[in-house]
Amino acid sequence: ATGPVDAAAFWTVAILFGLEHDRWLAGLAAGIVYGSIAVRTRRLAPAVVAHVTTNLLLGLYVIGSGQYGFW
């Protein structure tokens, strides 16, 4: 796709992504970053890889530190 980005759709998805998470502000920030990656690359896969990487790193942090409140 090469058309313009629908700003309303971008912000709707970012806000819903944020609300889907217990820590909504961090979720919103992540949604903005992942959405920006998708917009910049015009592909969904890099945003998915970024999300998987974030979850992996958070999981390793939780296990290593015992901070299970993040889950």
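This is a predicted model: local features need pLDDT of at least 70, side-chain atom pairs count only at pLDDT 80 or more; totals for chains, interfaces and linings use all residues.
Reader: Glad to have the model open. What length should helix α2 have, and how far apart are its end C-alpha atoms?

Author: Happy to walk you through it. Helix α2 covers residues 24-41, which makes 18 residues. At 1.5 Å a residue, α2 should span 26 Å, and its end C-alpha atoms are 25 Å apart, which agrees.

Reader: Which residues of α2 are buried?

Author: Start with the general idea. An α-helix has 3.6 residues a turn, so residues three or four places apart point the same way. Now the case here: G27, A30, G31, Y34, G35 and I37 are the buried residues of α2. Looking down the axis of α2, you find them within an arc of 155°, so they line one face of the helix.

Reader: And which residues are exposed on the other side of α2?

Author: There you will find L25 and R40, both exposed.

Reader: What do the buried residues of α2 pack against?

Author: Their partners are α1 (7-19) and α3 (45-65).

Reader: Which residues make up the largest nonpolar core?

Author: That core has five residues, namely A30, Y34, I37, A47 and A50. Both α2 and α3 give two or more residues to this core, and α2 supplies the largest share, with three residues.

Methods:
Residues are numbered from 1 along each chain as its sequence is written. Side-chain values use heavy atoms; hydrogens and water are left out. Helices (H or I, at least four residues) and strands (E, at least two) are DSSP runs, numbered from the N terminus. The expected span of a helix is 1.5 Å times one less than its number of residues. Buried means under 20% relative accessible area, exposed over 50%, partly exposed in between (1.4 Å probe, protein chains only). The arc is that of the directions from the helix axis to the C-beta atoms. Contact means heavy atoms within 4.5 Å. A nonpolar core is a set of buried Ala, Val, Leu, Ile, Met, Phe, Trp, Tyr and Cys residues joined through side-chain atoms within 4.5 Å.
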